[in-house]
Amino acid sequence: MLSPNLLFFATMNSTLLDGPALARAAVDALRRGDSRGARELFAQAVRAGHADVPTLLGLAYACRAQRDDGGMAAAVERVLTLEPRNVRALIMKGDRLDRGGDPRSASAFYTAALRAAPPVDKLPPDLLQELRRVQAQNDQYAKRYEEHLRAFLAARWFDGAQASSRFGQSLDIMLGRKRVYLQEPRYFYFPQLPQVQFYERADFPWLDAVEAATDAIREELLAVMQDETAFTPYVKGDANRPRNEHAGMLNNPDWSAFYLWHNGALVPENAARCPRTLEALAQAPLARVSNRSPSVLFSLLKPGAHIPPHSGVINTRLICHLPLIVPGTCRFRVGNDVRKWQDGRAWVFDDTIDHEAWNDSDRTRVILLFDIARPELSDEENRLVAALFEGIDSFTGTTPEWEI
């Protein structure tokens with residue numbers, strides 16, 4: 001740090017110093033609270049050709065301290081020309097726009113600053129404090145913006161309770177309340193299929209018969225559960241494949257299964273124990289792919305268990321749940337949509353969209369789970385998909401398992 005006398009000398013004799021020396025003197029002046037002297041020295045450094053980002057940023061800070069809004073704005077613009085993602089410059093420009101009565105533009109620069117900022121543990125304390133301030137400011141902007149939009153729409157034709165579900169979702173996504181979730185199958189992607197998280201129950205009238213058989217299916221389930229060895233972990237390791245811990249689910253009995261059909265094959269000994277369950281599925285359009293589909297199983301989730309976010313392997317099928325034993329605090333998320341299972345109320349969803357499950361209760365949750373053919377595919381397309389995987393098996397000589 002320069003002494004006060006040297007600072008005075010630097011200010012009065014700036015022509016004798018080169019650009020870097022002027023910039024160092026300006027930094028010292030700013031630290032000592034001499035924003036006027038700092039502004040002059042930073043400006044001298046810039047005129048001497050030392051117009052790098054730190055010098056221009058220092059000039060902006062000195063101008064701000066001197067309430068020189070024009071000088072600050074000019075310095076900030078030069079910083080952003082050299083370094084468009086400079087967090088401090090983005091904040092200062094946002095502040096200037098906010099003071100000028102343009103909160104919408106200010107929010108854009110605040111958002112850019114928040115996105116460009118390094119991790120919290122790498123931020124200097126003053127910048128962390130600034131980012132927390134602009135985050136709070138942005139939250140207020142977002143709240144006012146949302147209130148304005150909803151009031152505007154309500155005054156014309158939009159009733160949140162009656163509006164199109166798709167439009168409501170689009171509004172939530174635009175406002176940042178929800179994010180965009182798309183199909184992300186781990187193995188095979190069939191293009192141009194709708195991105196639907198939960199399907200409309202009314203589109204599957206054959207589920208009426210399945211729901212009507214809930215008591216009979218549950219009775220068979222309870223009989224199976226008397227055998228403590230009947231259920232096995234849903235995610236099992238394969239010695240012929242690299243080990244994948246599946247976020248703690250590998251060989252974990254917290255999530256376990258009892259299969260009636262498994263990877264396209266009936267499990268005779270298990271099916272014999274549950275004839276009414278299979279009878280209830282007689283009209284269900286089960287997915288049919290050799291060595292892979294259908295799978296029909298009782299899926300058990302132990303108290304306190306959490307199935308972590310994941311996605312299925314192929315998007316040419318859908319998954320059905322029929323809740324059979326459901327304690328009060330069990331949740332299931334597909335994309336943005338979080339629902340609670342209800343005894344005997346089936347639903348259909350796309351498992352290639354990110355999903356997870358929780359059993360927050362102190363009791364076991366069990367559902368009937370099965371996969372069905374996707375209704376958007378033609379018979380020819382279903383035959384082609386089935387033929388594709390037969391070809392895969394004929395080449396590899398293996399029957400890789402799918403996980404629902």
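Guide: The model is predicted, with local features needing pLDDT of at least 70 and side-chain atom pairs counting only at pLDDT 80 or more, while totals for chains, interfaces and linings use all residues. Residues are numbered from 1 along each chain as its sequence is written, and side-chain values use heavy atoms, leaving out hydrogens and water.

Visitor: Why is Met-92 called buried?

Guide: Buried means under 20% relative accessible area (1.4 Å probe, protein chains only). Met-92 has 2% relative accessibility, so Met-92 counts as buried.

Visitor: Which residues does Met-92 touch, not counting those up to four places away in sequence?

Guide: Contact means heavy atoms within 4.5 Å. Met-92 touches Leu-57, Ala-60, Tyr-61, Arg-64, Met-72 and Val-76. Tyr-61 is 31 residues from Met-92 along the chain, and their C-alpha atoms are separated by 8.9 Å.

Visitor: What makes Cys-63 and Cys-274 buried or exposed?

Guide: The relative accessible area of Cys-63 is 3%, so Cys-63 is buried. For Cys-274 the value is 0%, so Cys-274 is buried.

Visitor: How many disulfides does a search of the whole structure find?

Guide: A disulfide is a pair of cysteine sulfur atoms within 2.5 Å. The search finds zero.

Visitor: What residue classes make up the lining of the largest cavity?

Guide: Ala, Val, Leu, Ile, Met, Phe, Trp, Tyr, Cys and Pro count as nonpolar, Asp, Glu, Lys and Arg as charged, and the others as polar. By these classes the lining has 10 nonpolar, four polar and three charged residues.

Terms used
Buried means under 20% relative accessible area, exposed over 50%, partly exposed in between (1.4 Å probe, protein chains only).
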